[in-house]
Amino acid sequence: MTQAKGILPKDDDGTRVLFHDGRLSGYFVGVKLRPDLDATGVQAWLKTISPFVNDLVARLPLNDDERRGHDEDGEKVATVAIGLAPSFFLTGDSLRFEIEPPAAFDGRPAGEANLLPWDTGAQALSAAGRLDADVLFYVTTVFEARVARFVEQLDSTRPDLTSITIARGFQRLEGREPFGYADGVRNIPTGYRTEHVFVHQDGDEADEPEWADDGTYMAFMRIVQNRDAFAALADDASRDAVIGRRRDGSRADLEGVDAHDEPAEPVPNLPASAHVRKAGPRGTHDDVQIFRRGLPFFEAVEGNLRVGLNFVSFQSNLDKFDTVLNDWMLSSNFPVEGAGPDGLLDPARGLTTIESVGVYFVPSYDARFVGATMFDPKPAHGPREGRLVVRKRVVDPNDPGRRFERAGFRFRVFDAAGTQVGGEFVTNSAGRAAFDGKLAIGQTYTLEELTPPISVQTVRVEFIMERPNQQLRVVNTVTQPNTPYGG
């Protein structure tokens, strides 16, 4: 399969990188589909809109003089990432179509609804609305007329489509976000993006259905920024302390070091609540990274100017996004006890408000039509073996909002005869551990947790291998109150 399109702003065909063009605008076009649309109907709808998508991203023909520096096929003027929401796949806890949903949206292995990244009661997310769209088209373009035509074409698919919403964004002027700071200065380096962005079903994302390989999860948050509150902070040093950087992007605790040359280690010399320290840990937590591709926005509401960020990130699994947002940014006890939440997102400071949120799965590219691999028939005789992923959570019944280190939990598997199968496997910082090998479908196994890295009640669970891509959710209860993150 081919990796999902519209994700990486890479220059792989001799043309300029569109996302870096200062003329670029962004559009978040959300659509709701008719609730009673069946699998045949939704497949027909996806086939109908696929030519519209092709028209949207078609290269602009060039004359001989304009062709210099561009690909023979013309100038790239638009990209689109097409995300499918949990509501595309599910109605409540039931499948909407006979399509196996992405692992993060699938509650069936545990017999209960899956926890999405904002279902944790964090105060900064408690008032956020849910972006009500079954499908979200994230369009970036330097050709607005193309977007207008695309939206009109989508609208022509009523009654299968029941509503359309549009939010807009724009490329940063000189790379600065609405508070005036250089933004996006430390994203995933180009050579590591594929590793962290796309689903690898033969690796850490072995719990994903086969059709999801080479797709990605798209997370969206519309964040309103209060410029008056930020400007009211005491001085530039106070504002730099909230961000953890100076306005030019250099880290506030480093003198004369460009952001792209700063060390990869964690940043203990910054305030514990500084955005850079909360959102971008490195060192032992370097296994959790998300690729950010958001765009600022501005709008007039009741005569007043509102500004903010359409935050967008892409990641191979939503556990990464959950770790960054909830384990780190919104936790009051990371990176040290009593740190408080990220200074930018702390409701008590009032610098930002998370207005709406949504998560989506972007399928791999298929030339037949959007999401075609979801509908491919399965072999008459399914595989005899499958792969296992453990997803770890740690809870404190006395403090449900507290988050804990999830890296370093080791497991092993035994068959029904009590013989160990394969070797030990260990969770990463997002609490995921993939069994290195395959297990026979239909057979009973036992998962045993070895000595954990923190004081918790260990788990030993019997399970039946039911699917070729199976996940087990393992929840530990801490036995020592106020266990520090990583302690």
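So, β1 and β7 pair up in the antiparallel sense, over 9 bridges. Pairing here means that DSSP finds at least two bridges between two strands. One example on that side: Ser-25 sits opposite Phe-170 in β7. And the names themselves: helices (H or I, at least four residues) and strands (E, at least two) are DSSP runs, numbered from the N terminus.

Before I go on, a word on where this comes from. It's a predicted model, with local features needing pLDDT of at least 70 and side-chain atom pairs counting only at pLDDT 80 or more, while totals for chains, interfaces and linings use all residues. Residues are numbered from 1 along each chain as its sequence is written, and side-chain values use heavy atoms, with hydrogens and water left out.

Back to β1, residues 25-33. β1 has another antiparallel partner, strand β6 (residues 135-141), with 7 bridges between them. Gly-26 stands opposite Thr-140 there, and Tyr-27 has Val-139 as its bridge partner. How much of β1 is buried? 8 of its 9 residues are, so β1 is largely enclosed by the rest of the structure. By buried I mean under 20% relative accessible area; exposed is over 50%, and partly exposed is in between (1.4 Å probe, protein chains only).

Now stay with β6 for a moment. Strand β2 (residues 78-84) pairs with β6 too, again antiparallel and over 7 bridges. On that side, Thr-79 has Thr-140 as its bridge partner. And β6 is mostly covered, with 7 of its 7 residues buried. In a regular strand, side chains alternate between the two faces of the sheet. You can follow that in β6: Val-135, Phe-137, Val-139 and Thr-141 point one way, Leu-136, Tyr-138 and Thr-140 point the other way, and all of them are buried.

Okay, let's zoom out. The secondary structure of the protein comes to 9 helices and 20 strands. The radius of gyration is 23 Å, close to the 23 Å that the globule rule gives for 487 residues, so the protein is as compact as a globular protein of that length. That radius is taken over C-alpha atoms, and the rule is 2.2 Å times the number of residues to the power 0.38. Along the principal axes, the C-alpha atoms fill a box of roughly 75 × 60 × 45 Å. Of the 487 residues, 53% are buried. If you take contacts (heavy atoms within 4.5 Å) between residues at least 6 apart in sequence, 72% of them join residues at least 24 apart.

Next, a helix: α7, residues 236-243. Which residues of α7 are buried? Arg-239, Asp-240, Val-242 and Ile-243. They're on the same side of α7, because they cover an arc of only 155° around the axis, where the arc is that of the directions from the helix axis to the C-beta atoms. What do they pack against? Helices α6 (227-231) and α8 (275-279). Look at the ends of α7 as well. At the start, a side-chain oxygen of Asp-235 comes within 3.2 Å of the backbone nitrogen of Ala-237. Just after the helix, Gly-244 takes a positive phi of about 90°.

Another cis peptide bond joins Phe-334 and Pro-335, with omega about 5°. Pro-335 is in the loop between α9 (318-329) and β12 (352-362).

Then there are some positive phi values outside glycine. Glu-174 has one of about 55°, in the loop between β7 and α5 (193-197), and Glu-174 counts as exposed at 68% relative accessibility. Glu-302 has a phi near 50°, in the loop between β10 (295-301) and β11 (304-315). At 80% relative accessibility, Glu-302 counts as exposed.

Last stop: Arg-467, in the loop between β19 (460-464) and β20 (469-477). Buried or exposed? At 18% relative accessibility, Arg-467 counts as buried. Its side chain makes a polar contact with the side chain of Glu-100, at 2.9 Å. A polar contact is a pair of N or O atoms within 3.5 Å; within protein, one must be able to donate a hydrogen and the other to accept it, and residues adjacent in sequence count only if both atoms are side-chain atoms.
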